[in-house]
Amino acid sequence: MKILLINPEYPDTYWSFRHALPFEGKRSAFPPLGLLTVSALLPAAWEKRLVDLNVRRLKSSDIEWADMVFCTAMIVQKDSLADVIARCKALGKRVVVGGPYVSTSAEQVPDADHVFIGEAETTLPEFVKDLERGTARRIYEATERPPLSLAPAPDFSIADTKRYSAMSVQYSRGCPFNCEFCDIIEIYGRVPRTKSNQQMLSELDTLRRAGWRGTVFIVDDNFIGNKKNVRKLLPALAEWQARNGKPFEFLTEASVNLADDEPLLEEMRRANFRRVFLGIETPVVESLKEAQKGQNTRGDMLDSVRKIQSYGMEVMAGFIVGFDHDPEDIFDRQIRFIRESAIPLAMVGLLTALPDTQLWRRLKKEGRLLAESSGENTSCTLNFVPKMDAARLVEGYKAIMRTVYNSGEYYQRALECLRRVPVDGPSPNKHNLFTGAAAVARITVKLGILDRERKEFWRFFTKAVAEHREKFAMSMRLAAMGYHFRKLVEAYGEG
Ligand code: B12
Ligand code: SF4
């Protein structure tokens, strides 16, 4: 059996990092871990190929080669998914779909032959057996969320790893919190399930043996969701890093209460976590309460960010405007918070009601739901009727984008971040692509010569080199990221 696995194209959003990737000479930020896992769940004797549309085009010959096509999608990939399904069906192929978008919106893929709702660790083996017997159904829905002991190690062999800026692994699924707008807890549940230490270390061994060095994204919804197990994992991770010459620097996502746990932060520092993404959402307590995000009201959030930064981790964060309780001065308050937090990568979005979330159900009941969400929180469209005047909300949102990604503001935050985030131990930069001569040359030519904001770049560069020489790679990465965000603002936030 020949299986073609296809990852549809992402639009140009924060997380695509599309404008920063060329500096590193990469095509996409992360490989599609869902499909690598699906590949590992299929019989070893089947032949598999991956086409990631974010890395290269899909040729008709790719489709013709296959007996069956497997596609994944997040909601932002839905248009590309529809194109892929249409092309494969036109060539007479059997199409199997799954992943987070399909799991909440199965009715949106009428042309797919087989639809997987939820995680596939138990349903995919059942499908394979049904296929052999000729009794395969159209819908496979996981009745229970599988323990992660059933999750196989991802099949990295099908990915062209050189094309990606980081590799991904997953330790846990689910999050114990209950944020109203979140679909994670609907799809993956509120009881975080983890892999064993042995599973994790063996996945890392595979990546290391395959020659991977540099960033590894632990893609968990909330890395500290199951603190009891994470406490057992971290010392093993630190020891593994030390034994193997620190081949990886980790990036992950966590809830803000990470700041309350200094022993955990210390363990993360030892294991070489260099970046963490936090869901800060808003400095407005009433809006946090409305979002059922009590974990963000437990203390001063600026202090929390500073604490995490002091353990050697750059903080990245998500911010949201559009809550019912947002006051008139919300836009200024968000700008002020972002400025004071020294979070260079502040991903500000308009609130969106994702399918099948508590927010979606409430807005539906209140008659305020307008359409399905595009999932693109930068696209300046609302899929519900906000309490604030919609035009004012969108205008205020754009004003935040223009301000926080203005070169002067951004570089100021980046410098303050460099100041706050210590780098200790053997240089984590040694595997960092941003120290490579080609990357530095691309950055200095593009940002220091061709770009209209070159003066700001040189001001940043001079200070960064003079005051933070040991963080050169981090400075270069931040400069490249600033360019990506500025380009996004030009696309979405101006006018
Ligand atoms: C890592 C990650 C990313 C990464 C990389 C994604 C990639 N290349 O795969 C990045 C950072 C790029 C990213 C970006 C975004 N993401 Co994201 N991301 C995740 C995260 C945290 C983990 C994904 C992952 O690797 N999971 C591990 C694998 C093993 O799980 P899985 O994909 O679910 O696969 C399992 C099943 O779903 C199933 N399955 C999956 N595909 C298929 C296919 C077939 C054929 C079958 C049979 C089964 C199957 O089998 C697997 C094993 O059980 C998830 C949350 C989560 N827990 O999954 C959010 C998540 C997928 N992202 C989400 C969103 C909204 C986004 C953004 C739009 C955020 C934003 N607003 O900017 C952007 C959009 C990207 C873009 N560039 O425009 C939402 C999707 C919501 C939805 N309903 O579609 C999620 C669920 C989280 C959330 N609520 O925020 N994301
Ligand atoms: S903390 Fe994050 S993952 Fe957990 S429920 Fe809230 S938004 Fe979802």
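**Entry 1: ground rules**

Contact, in these notes, means heavy atoms within 4.5 Å. I am working from a predicted model, where local features need pLDDT of at least 70 and side-chain atom pairs count only at pLDDT 80 or more, while totals for chains, interfaces and linings use all residues. Residues are numbered from 1 along each chain as its sequence is written, chains are lettered from A and ligands numbered from 1 in the order in which they are written, and side-chain values use heavy atoms, with hydrogens and water left out.

**Entry 2: the sheet**

I began with the strands, which are DSSP runs of E of at least two residues; helices are runs of H or I of at least four, and both are numbered from the N terminus. Two strands pair if DSSP finds at least two bridges between them. In what order do the 6 strands of the open sheet stand? I read β7-β10-β11-β12-β13-β14, with parallel pairing. At the edges I found β7 (167-169) and β14 (346-350), each pairing on one side only. From one strand to the next, the twist averages 20°.

For angles, I note that axes are lines fitted to C-alpha atoms, for helices over the stretch in contact, and that angles run from 0 to 180 degrees between N-to-C directions. Helix α9 (residues 227-243) lies across β11 (248-254) and β12 (273-281), and I noted about 160° between α9 and β11. Helix α15 (residues 390-404) packs on the sheet too, where α15 touches β13 (314-321) and β14 and makes about 170° with the direction of β14.

**Entry 3**

Next I looked up how β7 is held. Strand β7 runs parallel to β10 (residues 214-218), and 3 bridges join the two. Met167 has Val216 in β10 as its bridge partner.

Val169 is buried, at 1% relative accessible area. Leaving aside neighbours within four places in sequence, I listed the contacts of Val169, among them Leu33, Phe156, Met200, Leu204, Val216 and Ile218. Met200 is 31 residues from Val169 in sequence, yet their C-alpha atoms are 8.1 Å apart in space.

**Entry 4: strand β13**

Here I wanted to see how enclosed a strand of this sheet is. In β13, 8 of the 8 residues are buried, so the strand is largely enclosed by the rest of the structure. In a regular strand the side chains alternate between the two faces of the sheet. I checked both faces of β13: Glu314, Met316, Gly318 and Ile320 are buried on one side, and Val315, Ala317, Phe319 and Val321 are buried on the other.

For its partners, I counted 6 bridges from β12 to β13, running parallel, and 5 from β13 to β14, also parallel. Phe277 has Met316 in β13 as its bridge partner, and Ala317 stands opposite Ala346 in β14.

**Entry 5: salt bridges**

Side chains of opposite charge can pair when their charged atoms come close. My rule for a salt bridge is a side-chain nitrogen of Lys or Arg within 4 Å of a carboxyl oxygen of Asp or Glu. How many salt bridges does this rule give? The count comes to 43.

I looked at three of them. Asp130 and Arg133 meet at 2.8 Å, N to O; they sit 3 residues apart in helix α6 (residues 123-133), about one helical turn. Asp130 is buried at 6%, whereas Arg133 counts as exposed at 57%.

Glu416 and Arg419 meet at 2.9 Å, N to O. They too are 3 residues apart, in helix α16 (residues 407-420), about one helical turn. Glu416 is partly exposed at 23%, and Arg419 is partly exposed at 41%.

Asp324 pairs with Arg368, the closest N and O atoms being 2.8 Å apart. Asp324 lies in the loop between β13 and α13 (330-341) and Arg368 in the loop between α14 (358-365) and α15, so this pair ties together parts that are 44 residues apart in sequence. Arg368 is buried, at 9%. I also traced one network of salt bridges with shared partners, which joins Glu180, Glu290, Asp324, Arg362, Glu366, Arg368 and Lys387.

Terms used:
Buried means under 20% relative accessible area, exposed over 50%, partly exposed in between (1.4 Å probe, protein chains only).
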